[in-house]
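Have the model open beside you as you read.

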Amino acid sequence: MLKPARSKKEKDPEGRMPLADHLRELRNRLAKAMLAITITSIAAAFYSQELMDFLSSPVERCPKGVMETGGKCATIVYNDLLSPFTTTVKVVLMAGIVLSCPVWLYQLWAFVAPGLHKSEKKYTYYFAAAAVPLFAAGVYVAYLIMPVSMSVLLSITPDPAANLLEVDKILDFTVRMVLIFGFSFELPVLLIMLNAAGIVTGRRMAGWWRGVIMGIFVFGAIATPSTDPLGMIALSGPIILLYFLAVGIALLNDKRRRRNDPDAELDDDEAAPVDLTPAPIGEVEAVPSARAALPEQATGDAAGSRPQRLNGYDDIT
């Protein structure tokens, strides 16, 4: 009886497979992720005008047909013939990537998960569950302060001049603010991951607080596109609070780890403390033993006779 040409292979419980199968699976995962991005981008194209209005809403627009001078408002313009098309494609593609993130994140997880241990999978679920709301919180904070930041930047315009803003520049500013705030809010997740992996302890993280606060303010001043101090404070303040929250969680995790394993925080080349206090012993029990004569102690008497002592000892020494 002929066997089928293609039989279903049993999966290795440890996720091991040949390199060709890994590449084939990666190709399939990427194809599914790209298909999801394409479908959501096509759906977002029907709402491109609403998306453009939403992304450019932080800018205070001048009334239609009026171009006011100074920094009170701005007029949004396109500078060349292809700008409307390229800007719309950019906005639609960005919306497709954001809306399809559950699909491509799952495909990424499904590709990596077979190589993880059970405990590592559990921690990954926790980190993913915390990373999504933190990123959304960063995006929300960025969207709250963007109108104020743009208003401050427009207020620098001298009175004889008017503001003509390109749509591409506005979108770049908005996307940059959103990504910087979103990824910056992931700092506590990264710190807790390092603590869970045993790379850094909560006490050591707490000892870094002066340098961390200084570094966060410097990062906030450099990363925010606006030059006003409001953007720096709005970015640095929540990150500092999240840093101390991560330190508190790490300290609780270290306390739990010490309770379960007192030697958990020792380095690989560090000796564990040994208790050298002598332990009390109980009463010594006497063990009877039969007397035996050594050949050197024999005196030539009859068998069974008691051997003589030499200098008070049983042996010749």
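On a 1 Å grid over the protein atoms alone, a pocket is an open set of points where a 1.4 Å probe fits, with protein on both sides within 12 Å along at least five of seven lines, and its lining residues have an atom within 4 Å of a point. This is a predicted model, where local features need pLDDT of at least 70 and side-chain atom pairs pLDDT 80 or more, while totals for chains, interfaces and linings use all residues. Residues are numbered from 1 along each chain as its sequence is written, and side-chain values use heavy atoms, leaving out hydrogens and water.

The largest pocket has 42 lining residues, and nearest its centre lie Cys101, Trp104, Leu105, Val132 and Phe135. Its volume is about 1,700 Å³, taken as the space filled by probe spheres set on the points, which are joined across faces, edges and corners. Helix α5 contributes the most to this lining, with 14 residues.

Now for the helix pair: the axes of α7 (residues 187-196) and α10 (residues 229-260) come within 8 Å and cross at roughly 20°. The two helices are therefore roughly parallel (angles under 35 degrees).

Here is how the residues divide in each setting, with Ala, Val, Leu, Ile, Met, Phe, Trp, Tyr, Cys and Pro as nonpolar, Asp, Glu, Lys and Arg as charged, and the others, Gly among them, as polar.

| Setting | Nonpolar | Polar | Charged |
|---|---|---|---|
| Lining of the largest pocket | 37 residues | three residues | two residues |
| Contact of α7 with α10 | 11 residues | two residues | two residues |

Note on methods:
Axes are lines fitted to C-alpha atoms, for helices over the stretch in contact, and angles run from 0 to 180 degrees between N-to-C directions. Helices (H or I, at least four residues) and strands (E, at least two) are DSSP runs, numbered from the N terminus. Angles under 35 degrees count as roughly parallel, over 145 as roughly antiparallel, 65 to 115 as roughly perpendicular and the rest as oblique.
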